[in-house]
Amino acid sequence: MGGIGDRPCDLDREFAAQIAQLLATPPLQSAQEYYDELIRSKKLDGVRVSYSGKHGKGVCANRDFAEEDLVLKDQMLVGAQHSLNKIDCVVCSYCFLFIGSIEFQIGRRLYLHSIGASTGSTSERHCHGSDFGSSSGSTNGNSNAVPQGVIMSLMDGDTSLPFTDQFCLPSIVACPGGCEGELYCSQSCADSDWNSYHSLLCTGSKTEPSRRSALQKFVEHANGTNDIFLVAAKAITFTLLRYKKLKRQPASHESNFSLLMEAWKPLSMGFKKRKAYACRWWECVALPEDIDSSEEDSFRQQMRDLAFASLQLLKDAIFDPECAPLFSLDVYGHIIGMFELNNLDLVVASPVEDYFIHIDDLPESEKEEAEKVTGPFLDALGEDYSVPCEGTAFFPLQSCMNHSCCPNAKAFKRDEDKDGHAVILALKPISKGEEITISYIDEDLSYEERQAQLADYGFTCACFKCQEERPI
């Protein structure tokens, strides 16, 4: 494929005016109304989104919080498990709860590693940077230590491990469209995912063959290059399905583009135009350390070409002419760039880790007896027995939180937080009306290192800590 400069996206030219409207900063009143309604609907009355001339939007406390108080549980707007992480963890594709059973989780992982399984990709990219070849799939386990028949009996439910009745997981619910890639913890989650995203991305038997083939090519490309494209596809299908729902409403007499603008609103709120060129992915992605500055233009062109190739495959699968501006390269680049600047890592701790910790904490006599059964499986899993569910997600309220190198809150999962929600806890007392801040980086770095990392987000930090440490 030639460079983007040689093959411009026709939609970007044809729908330039509409694309500009999609990517424009939402009017302040519209944005405030959106966030007020979001907070009201989620019953999150402890916070509010406010705007200032200095930092733009931010999140403020609507009441006092004590240290370690729960400030916010934010449901993701769109998110996905990393492709290779699916080898190690079976979770609900909508809420990201672990599903099945402890035995199934262990057995499936050992089985897939024993056959050298992959998800069709030779490399996996997480959603930051561009270090092709990085992988979240663990390969340290020695599943040959457990006979295949025993592994299969774990997966099939014919073998039970001691004390797993104290770690019950939701039963597995299949995808309504028949694909094997998406599983759920309940019919409610299956229906919600289908209605919000998956009905347009399902590669199951119920999908028309030519579209299924096109979707498979898109997924294979994403798994082989950068799985952030899978999250971008979910953002587009989320908007398409909202558009179709709005259009079905009997009282709707608005134009197609007006309906598209309304359907797009939740995503439009996420853009942070801190840089002159806003946040197209290939322009805002941090330059990898192994790329010399003299090669930066070539690197960014390669990223743009990669996004273009992904977009073409996605268009082959789900293009809707009524929503054509949504399939422009400019919009696609902004969606991925929004994830680059706004995403919070999706992490859900594995109950397998909790299970083996429980075994280790048993009274000595019980522990010795239990480990006769569990020991071979723990040895086979190896040092990475506790791999969590990992992915990337966009959280509408968390993304509004501004940075501070001396934050008063942090993203942190407690023992009781078992799903994919973002959990924000107070690091210190927060007074009503005070802005709630988190750190985008490691705040223990030196002033120079912090500022260098924050430059990738498009701003220079002037928090109290930075003012104190700034060289004179």
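## Notes on a predicted model

1. Let's start with helix H8, which covers residues 209-225. H8 has 17 residues, and from its first C-alpha to its last it reaches 24 Å, close to the 24 Å expected at 1.5 Å a residue. Keep in mind as you look around that this is a predicted model.

2. Which residues of H8 are buried? Look for Ala214, Leu215, Phe218, His221, Ala222, Asn223 and Thr225. A handy rule for reading such a list is that an α-helix has 3.6 residues a turn, so residues three or four places apart point the same way.

3. Now for H9 itself. Its 21 residues should span 30 Å at 1.5 Å a residue, and the end C-alpha atoms of H9 are 31 Å apart, which agrees. Why can we call H9 largely enclosed by the rest of the structure? Because 16 of its 21 residues are buried.

4. What is tyrosine 332 in contact with, once its neighbours within four places in sequence are left aside? The list is Phe218, Phe229, Ala232, Ile236, Ala307, Ser310, Leu311 and Leu314.

5. On to the empty spaces. Rolling a probe the size of a water molecule over the atoms shows where empty space is left. The largest pocket has a volume of about 1,000 Å³. It is lined by 37 residues, and the closest to its centre are Lys86, Glu180, Gly181, Glu182 and Val219. Which helix supplies the largest share of the lining of the largest pocket? That is H8, with six residues. Strand S4 (78-81), helix H4 (85-88), helix H5 (102-114), H8 and H9 each give at least two residues to this lining. By type, the lining of the largest pocket divides into 19 nonpolar, 11 polar and seven charged residues.

6. How many cavities of 30 Å³ or more does a search of the whole structure find? There are three. The largest cavity has a volume of about 60 Å³. Its lining is made of Asp88, Cys89, Phe98, Gln105, Ile106, Arg109, Ser350, Val352, Leu381, Tyr385 and Val387. H5 supplies the largest share of the lining of the largest cavity, three residues. Seven residues of that lining are nonpolar, two are polar and two are charged.

7. Alanine 380 sits in helix H15 (residues 364-381). Is alanine 380 buried or exposed? With a relative accessible area of 1%, it is buried, because buried means under 20%. The C-alpha atoms of alanine 380 and arginine 300 are separated by 42 Å, and the two residues are 80 residues apart along the chain.

8. Two backbone angles deserve a second look. Most residues other than glycine have a negative phi. Glutamate 68, though not a glycine, has a positive phi of about 75°. Glutamate 68 lies in the loop between strand S2 (56-61) and strand S3 (70-74), and is exposed, with a relative accessible area of 63%. Phenylalanine 96 is not a glycine either, yet has a positive phi of about 70°. Phenylalanine 96 lies in the loop between H4 and H5, and is buried, with a relative accessible area of 3%.

9. Last stop: methionine 76, in the loop between S3 and S4. Methionine 76 is buried, with a relative accessible area of 12%. Not counting residues up to four places away in sequence, methionine 76 touches Phe96, Leu346, Ala393, Phe394, Phe395, Pro396 and Gly420. Methionine 76 and threonine 392 are 316 residues apart along the chain, but their C-alpha atoms are separated by 9.8 Å.

Methods. Residues are numbered from 1 along each chain as its sequence is written. This is a predicted model: local features need pLDDT of at least 70, side-chain atom pairs count only at pLDDT 80 or more; totals for chains, interfaces and linings use all residues. Side-chain values use heavy atoms; hydrogens and water are left out. Helices (H or I, at least four residues) and strands (E, at least two) are DSSP runs, numbered from the N terminus. The expected span of a helix is 1.5 Å times one less than its number of residues. Buried means under 20% relative accessible area, exposed over 50%, partly exposed in between (1.4 Å probe, protein chains only). On a 1 Å grid over the protein atoms alone, a cavity is a set of points where a 1.4 Å probe fits but cannot get out, and a pocket is an open set with protein on both sides within 12 Å along at least five of seven lines; lining residues have an atom within 4 Å of a point. Grid points are joined across faces, edges and corners, and a volume is the space filled by probe spheres set on the points. Ala, Val, Leu, Ile, Met, Phe, Trp, Tyr, Cys and Pro count as nonpolar, Asp, Glu, Lys and Arg as charged, and the others, Gly among them, as polar. Contact means heavy atoms within 4.5 Å.
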